[in-house]
Structures are given as C-alpha cells and as structure tokens.
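Trainee: I'd like to learn how to read a chain like this one, feature by feature. Can we start with a helix?

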Amino acid sequence: MIDSLPFAPKPRPCKVCAKAFVPRTSMHSVCSPRCMARKVKKDAADERALLRVRKEAAKPRQKWLDECQAIVNKIVRIRDAHLGCCSCDRGPNWSGQWHASHLRSVGAASAVRFHLWNIHKGCSICNNHLSGNLAEYGPRIRERIGNAKVDWLYTQNHRVTHNVEYLKRFKAVMGKRLRRMERRMA
Ligand SMILES: [Zn+2]
Ligand SMILES: [Zn+2]
C-alpha cells in the first residue's frame, strides 16, 4: 500500500500554472483551488473535443450531404436576397417562406447538386406545391443568368457520389464563405 509509506512532500510544478508548490498527497497536482477549477474546466473541454472528433468520424455520408446542402442553400438565399422567386412573380418583399430551389434535381443531376448556377431562391409555394414550377423556372433563369450557363447545366446528367472526404472539405470552404456573407449582411 502506497499510502502506508510516509509521504515526503517535495515541491513540484503545478499542472496548470507551472508554479512550484508543496503537495499534500502524491495525487495532488495543482497548486490552488483556482488552478483546480481551471483544471476541471480544461479536462471537461478536452473530453468534449474528443467526443466531437469521434462523432464527426462516425457521421454517415447523408448527414454530410445534408449539412453541405444547407450551407449552399443559405448562400443562395443571401445571394438572391434582392430578387423575387425564380419561378413565379412573387417579388423580394413577399412575406412567405423562401427556399432554395434546384433547376436540375438532385436525383437527375447530382453532379450539380451544390452548383450555384443550379440553385436559386424560390418561394415555398412553387417549391412545395409545384415541384419548383419547372416550366417557369427554366425560361426565367435563362433570362437571369444567360443561356450558356443553363445549357451547360443541362449537359450535367451524370450522378456523382461525393465521398465524405470531399464533403468535409466542401463544408469547410463553403462554411467560411457563408460566414463571410453573413458578416457583410449584419
Ligand atoms: Zn497553479
Ligand atoms: Zn414562386
């Protein structure tokens, strides 16, 4: 039993502030209640950081896809803040909910699911009840961004499976871009 040996206190550096102190027991690692409080806080933060890393590693691809799409959609809504619906006459001051609407659907053209030419601010009525109101969306968006871009979008008919590594990088880059835009808006 270690505790049956007489404990010979020798100064040691505090684990938090590095100041030398004389410990009361062999387990004693910080100099003061204040450093103890800081140590408890730091240990809890380290624990949370570790959990976060583990959780990110276990996150399925669909969650990454959803998070990337949510970021891109927010970017689109900020970019188009001054515009009306992409597929009807509701103007920028319409008081309903705004969505981000894909011209080429994710199912048909996943290659351009995050492409900013392919996504425009649309009203919830067109998006929810008219599936984006595509008959109007096409011609109106040709007018807005030009035929060349829209024609290119219609050549993008392949499906792409974005892997998690790609999605992580994409989320980091686009997240930064979104935060910059949000700061400018504020
Ligand atoms: Zn200390
Ligand atoms: Zn609309």
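Predicted model: local features only at pLDDT ≥ 70, side-chain atom pairs only at ≥ 80, totals over all residues.

Trainee: On the other side of α2, which residues are exposed?

Mentor: Q62 and D66 are exposed there. Residues are numbered from 1 along each chain as its sequence is written, while chains are lettered from A and ligands numbered from 1 in the order in which they are written.

Trainee: Which residues of α2 are buried?

Mentor: W64, L65, C68, I71, V72, I75 and V76 are. Looking down the axis of α2, these buried residues fall within an arc of 140 degrees, so they line one face of the helix. The arc is that of the directions from the helix axis to the C-beta atoms. The cover over them includes β3, β4 and α6 (164-185).

Trainee: How are helices and strands picked out in the first place?

Mentor: They are DSSP runs numbered from the N terminus: helices are H or I with at least four residues, strands are E with at least two. The chain here has six helices and four strands, in the order β-β-α-α-β-β-α-α-α-α.

Trainee: What span should α1 have, and what does the model give?

Mentor: The expected span is 1.5 Å times one less than the number of residues. For the 26 residues of α1 (residues 33-58) that means 38 Å, and the end C-alpha atoms are 38 Å apart, so the two agree. As for cover, α1 has hardly any: the count of buried residues in it is zero.

Trainee: And how do I read a strand?

Mentor: In a regular strand the side chains alternate between the two faces of the sheet. In β3 (residues 98-102), W98, A100 and H102 point one way and H99 and S101 the other way. All five of the five residues in β3 are buried. Its partner is β4 (residues 119-123), antiparallel over five bridges; strands count as paired if DSSP finds at least two bridges between them.

Trainee: What about overall shape?

Mentor: The C-alpha trace spans about 90 × 35 × 30 Å along its principal axes, and 19% of the residues count as buried. Domain bounds come from an automatic or database domain assignment, which gives domain 1 (2-58) and domain 2 (61-185). Their C-alpha centres lie 50 Å apart.

Trainee: Where does A18 lie?

Mentor: A18 is in the loop between β1 (12-13) and β2 (20-21). Most residues other than glycine have a negative phi. A18 is not a glycine, yet its phi is positive, about 70 degrees. A18 counts as exposed because it has 9 C-beta neighbours inside 10 Å.

Technical notes. Buried ≥ 20, exposed ≤ 12 C-beta atoms within 10 Å, placed from the backbone. Contact = placed C-beta atoms within 7 Å.
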